[in-house]
Each structure stands twice: as C-alpha cells, then as structure tokens.
Amino acid sequence: MTNILEEDYRDELRADSSQLIFPIVTGFVLVVCFGAILAANSLTASWPYVAYAVFSTVGNWFAWKLVKQGNQWAGGTLFSWGHMIMLTIMLVSTHEPGVVGPLPYVYGIFIIIGSMIIKPSSAFTNWAISMFLIALGTAYLGIWGAESFFTYLPSILINFSLAVVAYLTAIEWQTAVEATSFLHRRAQQRRDELFTIQGELGLTNARLQYLNEQLEVARHAAENERDLRTRFMNNVSHELRTPLNAIVNFAHILALGGRGPVTPEQIDYLKRVEQSGWHLLEILNDLLDMAQIESGEFKLHLETIHLYHVCEEAMTSTRGLLLDKNVELLRDYPSEWPLVQVDQMRLKQAFINLLGNAAKYTEEGYIALRVYPNGNTVKIIVEDTGIGIAPEHHETIFIEFRQIDDTAARKRIGTGLGLPITKHLIERHQGTLSVESGLGQGSKFTITLPIYQPVKEIVKQEPELETAV
Ligand code: ADP
C-alpha cells in the first residue's frame, strides 16, 4: 500500500527528472531546428522548424513553470503532448509521397518521457495520442487508407513496444522508489524516536541530578542532626551521671551509718534513694548506648574467653533481683564449654538485659539459663515462666522505645531500650536473637553465637635431603 508520504516522495523525484529533461530536450530541439533553418537559409521556407523552436522555448518554459508550482500532471502533459503535436505538424509539412522519414519514431521519445514524468501508464496514453495524431496527419494529407496504415505500422508497433518497456521500467522504478521511501521514512521515524528518547533522558537525568542534590542536602542535615543528638546525649548523660553517682554513694554511706546513727525508717528511705539512683543510672547507660549505636560510634573490644564466666557473672547479678520473689534460678550448662570471641562486658550486658527482663516479668516459677553448643555455634537460652509476650508484639519489642501497652507489662518501669540494645550487641558479635512466647505462657529468648575456631597453623615441612654415601 502506498501512502501519502511515498507519493510525495515520488512526485518530488518526477519533478527533479522534469527539471533535468525539459532543458535537455529544449536544447536538442533548438539545435536541430536552427540547423534546419540555416540549411534552408529561409525563415518562410522552414516555418515548421521556426514554429517548433518557438514552441520548444515557450511551451517548455511554461511546462517547467507548472511542474515547479507542483502541477506535475499539467506540466508533463503540456510538454509531451505539445512536442507530439509539433512532431505531427513537422510530419505533415515535410511529407513526401511514398517516403516515411524518421519522424514517426521520434514519438517514442515522448512516450518514454511521459511515463517518466507523469505516471507509468502515461506511456500508453501518449502512444494512443501519437497514433491519433499520425492518423490525423495522414487524413489531412489525404493519404488516409490501408496503404498508409501499413507504411506507418512499423513505427506504430515500435512505439507500442517502447510504451510497454517504458511502462514496465517506470513501474519497477516506482517500486524501488517506494522501497527507498519506506526505508527513508523508517529512518526518519527512528531519528525522531531517538530525539524524543534523548530529550526524555536529558529530562530524567536533570531530575535525577536534582534529586541527588536534594538527597545530599537531606543527608547532610540528617548527619548534622545525628551528630548534634549524639553530642547532646553524651553531654546530658555525663552531666547527669556525676551527681547521680554522688546521690547513690552518699545514700549508701548514710544508710550504713557512716555519718552518724540512722533510724530503721531512715535506712529504708535511704535504700530507696539508692535503688532509684541505680535505676536511673541504668537508664542513662541505655540511652548512651543507643546514642552510640545510632551514631555508629559503638565499639567492641574482642577477646577470646570461656562462655562460662560471662554466664555466671550475669547469673550472679540476676540473683539479687529475685531475693523477694518465689522464682527459682536454674542452670542448664554443657559439660564442655566453648570458646567465644566477644566483648566480655558487652556480652554480659546482653545476658543481664535478658535475665533482668525475665526477673522483671516473672512472679513465680523459674528463670533458666540454658547453654547448648552445637557444631560451629552455641545457643544461649533465657527462659522464664513469666507473663509472656503476645505473638503480635514479637517484632515491636526489638524496636527502640517500644513497650507493650499492656497493664501487666506497664506496671514495670523500663525505657524500652533493653531489647534493641541487646539485639544490636548480639548481631555485632555475628549472632542472632529471637523470641518464642505467648501471653501467660512464659518467654524464651534464644541467642545464637559463633564458637571461636582457632586457626590451625600450617607448619611447612622441609623435604628431607637424601645424602649420598
Ligand atoms: P523495658 O525496659 O521496657 O523492659 P525492653 O526493650 O527490655 O524494655 O523490653 C521491651 C518490652 O518487651 C517490655 O516492655 C516488655 O513488655 C516486653 N518483655 C521483654 N522481656 C520480657 C519477658 N521476659 N517477659 C515478658 N515481657 C517481656
């Protein structure tokens, strides 16, 4: 199927051909006509040549103008038909009885030109016109009849063959033009698409750059804020810790009677002051730890130790929390203890957090610390028979400042930082922390830590030299 664009392209090519053919033919006709006029040496005697030269100049110029204005059909028709009419006039005026000159064959040129500059089928139209004009000429000369028909038959047949060849060639040329124009159009489409894509890419790039800049600004702002927060936390905790230590220590000394006798009631009050002070110090430490974790300043001091010592120290601290409770402290220890590479203080802190929580949320039953080495890892389980945690809270309890808003849980004071810090501590040791629990069913916190594997030293053995005797 041809489309408008292809037709346009074809017309453009035809117009180009016309621009080339018209001047050539005009030049050729003018040369022939002037030659004939000069040979005859008389303008009146050679009037048909004069007329042809005049038409060739004026008619061709006019046809050329029409084509230039885009009227391809009118220009082409005026050109080819005009020349054929002029040829017929020449044929009639130069006719000699019994002689058929070359003129009837010259029609063939305009049959071919017609198919090139008007359209392929114009070859046949022009051939029919040439036949009609020759017939008209013979009728004018009075030689109309079978005899003259046979005289002109060879030129008619040759002109017809030329029309067929011209038609086929023009069709082939048209197909080639269509194919070229199709490719041309595709290439243009691709180029347009590429331009659009290039434009879009440019836009996306600009947007990305803008976003990047925004992100950079946001990052700076966040970093500044984080630094400020860390500095603030460090300062505040330092400023609070010093007087708090003084309060705790002085309350302790006073309770012991270090500054004079105290009544049992005063001792009770002083102990409460001391306990609250310790609690506040714990909270402060948690806040400081969290601030360090968030700022990325949290550092570990790794050493290779027996896990037993850490477990026992944590258990000793927990015992003090259960003095006034009917809760048993159980140990389920392995016969052989593994070595672990850890920050002893920090790991103890993690264990104490879990055991402390168990003590906080358990009123009766037991709290067990179970240690199971298995292959490359060791499992440390803190199990209690306390109030338990509903499954929907299993994830939130590991998020900072999140506490379960449950009357039973809210009765105990806490910051909601213990578990997130513990999880971070364990993960920094390449371990994991998980929970299994249900409301009223106790809780089971499981830590998994890698066991320290000492790298076996490869001793290079020198090959024994054989000594020849
Ligand atoms: P908190 O300082 O409030 O104890 P944690 O981060 O240590 O903060 O614990 C978060 C919440 O998880 C607690 O408020 C409590 O509701 C729940 N929780 C933690 N351990 C236990 C436990 N052993 N038994 C029941 N609830 C627990």
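Contact, in these legends, means heavy atoms within 4.5 Å. The model shown is predicted, so local features need pLDDT of at least 70 and side-chain atom pairs count only at pLDDT 80 or more, while totals for chains, interfaces and linings use all residues. Residues are numbered from 1 along each chain as its sequence is written, and side-chain values use heavy atoms, with hydrogens and water left out.

**View 1. Phe-445 and the nonpolar cores.** Not counting residues up to four places away in sequence, Phe-445 touches Leu-354, Ile-380, Ile-381, Val-382, Ile-389, Ile-397, Phe-398, Leu-419, Leu-433, Ser-434 and Val-435. A nonpolar core is a set of buried Ala, Val, Leu, Ile, Met, Phe, Trp, Tyr and Cys residues joined through side-chain atoms within 4.5 Å, where buried means under 20% relative accessible area, exposed over 50%, and partly exposed in between (1.4 Å probe, protein chains only). The largest such core has 43 residues, and those with the most contacts inside it are Leu-307, Phe-351 and Phe-445. Helix α9 gives the largest share of this core, seven residues. Another core, of 31 residues, lies apart from it and includes Phe-79, Tyr-107, Ile-118 and Ala-163.

**View 2. The five-stranded sheet.** Helices (H or I, at least four residues) and strands (E, at least two) are DSSP runs, numbered from the N terminus, and two strands pair if DSSP finds at least two bridges between them. The open sheet has five strands in the order β2-β4-β5-β7-β6, with mixed pairing. Its edge strands, each pairing on one side only, are β2 (326–332) and β6 (432–437). Neighbouring strands of the sheet are turned by 15 degrees against each other on average, direction ignored; axes here are lines fitted to C-alpha atoms, for helices over the stretch in contact, and angles run from 0 to 180 degrees between N-to-C directions. Helix α8 (residues 307–319) packs on the sheet, where it touches β2, β4 (364–374) and β5 (377–384), and its direction makes about 175 degrees with that of β2.

**View 3. Pairing from strand to strand.** Strands of a sheet pair through backbone hydrogen bonds, either parallel or antiparallel. Seven bridges pair β2 with β4 in the parallel sense, and Asp-332 stands opposite Arg-370 in β4. Between β4 and β5, which run antiparallel, there are eight bridges, and Tyr-372 has Lys-379 in β5 as its bridge partner. These two strands, β4 and β5, form a hairpin with two residues between them, and Gly-375 in the turn has a positive phi of about 65 degrees. Strands β6 and β7 (residues 443–450) also run antiparallel, joined by six bridges, with Val-435 opposite Phe-445 in β7.

**View 4. Helix α11 and its packing.** In helix α11 (residues 418–428), the residues Gly-418, Leu-419, Pro-420, Ile-421, Thr-422, Leu-425 and Ile-426 are buried. These buried residues pack against α7 (264–295), α9 (344–360), β6 and β7. Gln-430, which follows α11, has a positive phi, near 60 degrees.

**View 5. Asn-60 in helix α2.** Asn-60 has its place in helix α2 (residues 47–68), and it counts as buried because its relative accessibility is 3%. A polar contact (a pair of N or O atoms within 3.5 Å; within protein, one must be able to donate a hydrogen and the other to accept it, and residues adjacent in sequence count only if both atoms are side-chain atoms) of 3.0 Å joins the side chains of Asn-60 and His-83. Leaving aside neighbours within four places in sequence, Asn-60 is in contact with Phe-22, Thr-26, Phe-55, Phe-79 and His-83.
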